[in-house]
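Please look through the sequence and the model before reading on.

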Amino acid sequence: MSQLLDIQIDELVTNAALSRLSSQPLDGYDLFILETISRAGVVKIITDDGDFVTVPGIQVFTANKNVIDTARNQRKLLQR
C-alpha cells in the first residue's frame with residue numbers, strides 16, 4: 001500500500017532540511033522529501049532517485065539499474 005504525503009515547507013522543515021544538508025548528500029528537493037517522510041515515520045520508499053540509497057534508516061525499492069548494480073556489487077541487494 002502506498003501513502004500520499006503532503007509536503008509542507010515552513011520554517012521548521014526548512015531548518016531541519018538545512019541541518020541534514022551537512023550529513024546527507026542530497027539536493028534541496030530530496031532534503032524536503034526526506035524530512036517529510038521522516039516526520040511521517042515512513043521507512044520504505046519507491047524511487048528511481050539513486051540519491052536516496054545514501055540515507056541510513058530507509059529501505060529503497062527501485063528499478064534504477066545503476067543503484068541495483070552497485071548494491072549487487074556491495075552485496076547489499078535484497079531481492080523479493
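## Overall architecture

From the N terminus on, the order of elements in the protein chain is α-α-β-β-α, giving 3 helices and 2 strands. Helices (H or I, at least four residues) and strands (E, at least two) are DSSP runs, numbered from the N terminus. The C-alpha trace spans about 40 × 30 × 15 Å along its principal axes.

The model is predicted: local features need pLDDT of at least 70, side-chain atom pairs count only at pLDDT 80 or more, and totals for chains, interfaces and linings use all residues. Residues are numbered from 1 along each chain as its sequence is written, and side-chain values use heavy atoms, with hydrogens and water left out.

## Burial

Of the 80 residues in the protein chain, 26% are buried. Buried means under 20% relative accessible area, exposed over 50%, and partly exposed in between (1.4 Å probe, protein chains only).

## Helix α1

Helix α1 covers residues 11–21, and V13, A16 and A17 are buried in it. Seen down the axis of α1, its buried residues fall within an arc of 100° (taken from the directions from the helix axis to the C-beta atoms), so they line one face of the helix. These buried residues pack against α2, where contact means heavy atoms within 4.5 Å. On the face of α1 turned away from the buried side are the exposed residues E11, L18 and S19.

## Helix α2

Helix α2 comprises residues 28–40 and includes I33. I33 is partly exposed, with a relative accessible area of 32%.
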